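Colleague: I would like to go through this model with you, one point at a time. Please show the sequence and structure before we start.

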Amino acid sequence: MNQQGTVLDTVSDLGPSRRAKFTRRVLPFIIMAVLLIVIPMLGPSRTALSLLNAIGINIVFALSFNILLGQTGLLSFGHAVYFGLGGYTAMHAMNWIEYADGGFWGSYPMFALPLVGFAGGAFAGALIGWPSCRRAGIPFSMISLGIAELVAATGLIFVSFFGGEEGITGDRMNGVEMFGLNLGQVHQVYWFIAFWTFVGTVAMYAFTRTPLGRLTQAVRDNPQRVEFVGYDPQQVRYLAFIASGGFAGLAGGMSAVNYEIFTPEALSLAPSGLVILMAYIGGIRYFAGPILGAILLTYMQTNLSDFSEAWLLYLGLLFIAMVLFAPGGLAGVVIDVTNRLGKPGAVQQFVKGLVAVATGMIAFFGVVILIEIAVRLTNGHGEVFQPFGIGLPSTSLMSWAIGVCLVAIGVFGLKFTTKQVGER
Amino acid sequence: MSEPPVLSLRDVKKDFGPAKVIQGVTLDIAPGERHAIIGPNGAGKSTLFNLISGLYRPTSGEITLRGKTISGVKPYRINRMGLSRSFQVSNIFSNMSVRENVRCGVLYSMGYGYNFWRNIGNLIPVQEKTVEILDSVGLIDKADQSAALLAYADQRTLEIAITIASGADVVLMDEPTAGMSHSETDRAIALIKKATQGKTLLIVEHDMGVVFGLSDRISVLVYGEVIATGLPEEIRNNALVREAYLGDEAELPGVEA
Ligand SMILES: Nc1ncnc2c1ncn2[C@@H]1O[C@H](COP(=O)(O)OP(=O)(O)OP(=O)(O)O)[C@@H](O)[C@H]1O
Ligand SMILES: [Mg+2]
């Protein structure tokens, strides 16, 4: 009796306290919900809303990818396959809803279309995961690449399902309405996207807290030991793969409603690569990492591409810089900075950090100049790069010299400051 | 011993290419027995454990657990049949906390399998069992530490904790005290004794004091062959064993016995 009592007492003592549980596991989601509700009150423009919608889709997509990479340790080069197949399934369902007369699809609300996407993605995951998850590591990655190529090619061949190069279109303003939303205007779609981004994020976080979710981490770290505590690592990978495919399909369903079109391009290697960058730049070791990555990269994709035709180059540079200097991604940087803030010497470190950032910016600015004048030299439009109104003609040696000098100053400055930080 | 053996090896052989590492081992382990495997380095003790626990498939021969063939069966299935093992080199989940490590060992045996709809934090029986194990091995104070940051001896203890967590009734321990100090060894052995009460224990151990103090029977493995099996006294007095392994008398503890 007595012993029973002590054991039970320790159960409640062990693990994080209620307070810690709340601040770590519940509060972030309350903040997220509040943000999602407050944003439309700030009166964002239509462009801002469509950017936000794109961000929501990519958040779910990147989080679903990280179930594989961050959680289970599987690097897939073909994650867009599940996004695309889920999205196509949803797209077809959108048309079934439109042309249904009664029956299941007649009473199916358009708002719930992402669930169809989830089913499509999970089904694709269950089929493709079966051979893929027999191996982990590099073989898994290679198989995922092969499958990505295969499905992308299939997308162009099976016209009846994928609609050929034009893809498949639909009309989201059909079917039963939910929450009084007819999904006509972009701000109505915003609520739809916000709802599913929130649901998807909460569901994927909850997944990490289940026995299976914990086991995926065990399999990532030590698959051999997992076998000796009664679990089949292959089975754990397979189930994680299905879950990941399902949530990618959910994102696909969100995308189907948002854009009302799906083309085989959605299955291709380009979005598969982009989702890797989103997760990695955001930080794959943290649940929130891919969210940050999705926000930044979607923003860059829509805004930077207007500003410079070399935006993919900047994306590549950002990725390389992250891999080299901040392997924990944006989330890692945020956590590192907050950890240091409370410690003694924080102010000094902060100043040093600022100096390092400033010198880094100088180098970065030099790189921008070099890239931009190089682009203008080769694209033949004959325009002149004019940062802050200073004309830097591509043909003038001076422009190149300025770029090189800035890079040199930045790099040396960075070396000098980081060295000093290291010596302390 | 009229009771049927719980674990039985019949002429088990294992080759790695040309190397014949296990050359026909036949061994019966009775239920509830504490059985030590001793032998010089490279004799094949760990390989034998790897064969029994399913990591390797025997080249020939048969292994049965309670009458069922387990040679060639996957490790996780053997584990589910109630056989658990520890590793000579600590094999833990280093990115997890001590508590999570033990919880991984507990989960399957508590029937949660690949559950993906329940919050692990709300599985009270799992938490209780985890706490009980942590308490019994003396790691309760370090429950929330990262396993990677544990001191060496504590990592070894955690290895034992994961192994006994499922409550398997056949337990294989591969040099559980390797690298521990004297006092740590004593504590670990006391712990193993307590945790395997009423269970079958197969243990590889180099410390002869421990071996002769702990085991009901001992088998001596040399070059992949069992050259003797018997009660501790029989082994101590076996001429072959002395010649092949124990060497000079000075190494033999318990002359007082
Ligand atoms: N996977 C393998 N491939 C090839 N040879 C192996 C393999 N595993 C073990 N061996 C060889 O088998 C022999 C026995 O190794 P094993 O680890 O079983 O010895 P041991 O008795 O446990 O020794 P120790 O006391 O050092 O732990 C060694 O010569 C080893 O090199
Ligand atoms: Mg060994």
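Colleague: Which helix of chain A gives the largest share of the nonpolar patch?

Modeller: This is a predicted model. The nonpolar surface patch includes A:Phe22, A:Val26, A:Leu27, A:Ile30 and A:Trp191, and its accessible area is about 1100 Å² together. Nine residues, the largest share, come from residues 18-38 of chain A, which is helix α2.

Colleague: Is A:Ile31 buried, partly exposed or exposed?

Modeller: A:Ile31 sits in helix α2 of chain A and is one of the patch residues. Buried needs under 20% relative accessible area and exposed needs over 50%. A:Ile31 has 47%, so the class is partly exposed.

Colleague: Which residues coordinate the magnesium ion (ligand 2)?

Modeller: The donor atoms are an OG and an OE1, at 1.9 to 2.1 Å. Water is not among the atoms, so the site may look incomplete. The coordinating residues are B:Ser46 and B:Gln88.

Colleague: How many residues apart are B:Ser46 and B:Gln88?

Modeller: B:Ser46 lies in helix α1 (residues 45-52) of chain B, while B:Gln88 lies in the loop between β6 (83-85) and α3 (98-107). B:Ser46 is partly exposed at 23% relative accessibility, and B:Gln88 is partly exposed at 31%. The pair links distant parts of the chain, and the separation is 42 residues.

Colleague: With which residue does the side chain of A:Gln71 make a polar contact of 3.2 Å?

Modeller: A:Gln71 belongs to helix α3 (residues 46-72) of chain A. With a relative accessible area of 8%, under the 20% limit, A:Gln71 is therefore buried. Beyond four places in sequence, its contacts include A:Phe207, A:Gly213, A:Gln217 and A:Arg220. The side-chain partner at 3.2 Å is A:Thr216.

Colleague: What is the phi of B:Arg66?

Modeller: Most residues other than glycine have a negative phi. B:Arg66 is in the loop between β4 (60-65) and β5 (68-69) of chain B, and is partly exposed at 40% relative accessibility. B:Arg66 is not a glycine, yet its phi is positive, at about 50°.

Conventions:
Residues numbered from 1 in each chain as written. Chains lettered and ligands numbered in written order. Predicted model: local features only at pLDDT ≥ 70, side-chain atom pairs only at ≥ 80, totals over all residues. Heavy atoms only, no water. Patch = residues over 30% accessible without salt bridge, like charges linked within 9 Å, V, L, I, M, F, W, Y side chains within 5 Å. Areas by Shrake-Rupley, 256 points an atom, 1.4 Å probe, with all protein chains shown as cover. Salt bridge = Lys/Arg side-chain N within 4 Å of Asp/Glu carboxyl O. Helix = DSSP H or I, 4+ residues; strand = E, 2+ residues; numbered from the N terminus. Buried < 20%, exposed > 50% of the residue type's maximum accessible area, 1.4 Å probe, protein only. Donors = N, O, S within 2.8 Å, 3.2 Å for Na, K, Ca; no water. Polar contact = N/O pair within 3.5 Å; in protein donor to acceptor, adjacent residues only side chain to side chain. Contact = heavy atoms within 4.5 Å.
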